[in-house]
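Please keep the sequence and the model at hand while reading.

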Amino acid sequence: MVVPDKDPREEVLQAWYMDDSNEDQRLPHHREPKEFVSLKQLEKLGVLSWRLDADNYETDEELKKIREERGYSYMDFCEVSPEKLPNYEEKIKNFFEEHLHTDEEIRYAVAGSGYFDVRDKNDGWIRVWVKKRWNDCFTSWNVPSLYPDSNNYIKAMRLFVGDPVWTPFNRPHDHLPARKQYVEAFVQKERNDHAVNAAA
């Protein structure tokens, strides 16, 4: 039997369903038993990912290609750690407040490790753990905060199409056009696909 090659992205990205605990959010928060989520499942939620050369991001041709194809003209960096963020413990608590954005955003972990938490089509929480060399694109209305794991350090490149819009919208905001587009493109499509498969 031929064993398929392991996706290199899996070395720098893992995802799983979260438990309901309110314990320190820098902990993994696995369910018991653990329920992992595949890269393919994430893609169905609008979460795309690449593995890139974080040590040479300034000259990385693959990153350049992604930026050109997706129109990411703006770039900056976000560094989260006790040394870089005043009132660190209080500030990171704000990161856990669920919010949504109207624009597609991309995060590229160039150092450290941390989490994004995203919703599945049934509003279940999925934790996406990332570390250096990982690059993820979050479709509008499925954009969470980036925050560190128990190592308390992550540095990420942030990319946007045009000027960044930082305005967060706490749920629910289902009436906004961007939210409707996301539901139609990902949530409703997934449900329709399941209905077709069940009827086949």
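In this predicted model, the largest nonpolar core has 21 residues, and L42, I126 and V128 are the members that touch the most others. Residues of this core come from several elements, with at least two each supplied by β1 (13-17), α1 (39-44), α3 (88-95), β4 (105-119), β5 (125-131) and β8 (154-160).

- Another core, which lies apart from the largest one, consists of 11 residues, among them L63, I66, I106 and M157.

**Overall fold**
- The protein chain has 4 helices and 8 strands, and from the N terminus on these elements follow the order β-α-β-α-β-α-β-β-β-β-β-α.
- Of the 200 residues in the protein chain, 41% count as buried, while the accessible surface comes to about 11,300 Å², with 48% of it belonging to carbon and sulfur atoms.
- Among contacts in the protein chain with a separation of 6 or more, 75% are between residues 24 or more positions apart.

**A buried loop residue**
- S81 is found in the loop between β3 (74-80) and α3, and it counts as buried because its relative accessibility is 1%, which falls under the 20% cut-off.
- Leaving out residues up to four places away in sequence, S81 touches Y88, N152 and Y153.

**Salt bridges**
- Side chains of opposite charge can pair when their charged atoms come close, and a search of the whole structure finds 9 salt bridges.
- E89 forms a salt bridge with R26, with the closest N and O atoms 3.0 Å apart; since E89 lies in helix α3 and R26 in the loop between β1 and α1, the pair ties together parts that are 63 residues apart in sequence.
- Within this pair, E89 is partly exposed at a relative accessible area of 41%, whereas R26 is buried at 10%.
- D117 and R127 form a salt bridge whose closest N and O atoms are 2.8 Å apart, and this pair links strand β4, which holds D117, to strand β5, which holds R127, across 10 residues.
- Both partners are buried, D117 at 12% relative accessibility and R127 with a relative accessible area of 0%.
- E35 and R31 meet through their side chains in a salt bridge of 3.2 Å, N to O, with E35 partly exposed at 35% relative accessibility and R31 partly exposed at 30%.
- A network of salt bridges links D7, R9 and E43.

Technical notes. Residues are numbered from 1 along each chain as its sequence is written. This is a predicted model: local features need pLDDT of at least 70, side-chain atom pairs count only at pLDDT 80 or more; totals for chains, interfaces and linings use all residues. Side-chain values use heavy atoms; hydrogens and water are left out. Buried means under 20% relative accessible area, exposed over 50%, partly exposed in between (1.4 Å probe, protein chains only). Contact means heavy atoms within 4.5 Å. Accessible areas come from the Shrake-Rupley method with a 1.4 Å probe; for residues, only the protein chains shown count as cover. A nonpolar core is a set of buried Ala, Val, Leu, Ile, Met, Phe, Trp, Tyr and Cys residues joined through side-chain atoms within 4.5 Å. A salt bridge is a side-chain nitrogen of Lys or Arg within 4 Å of a carboxyl oxygen of Asp or Glu.
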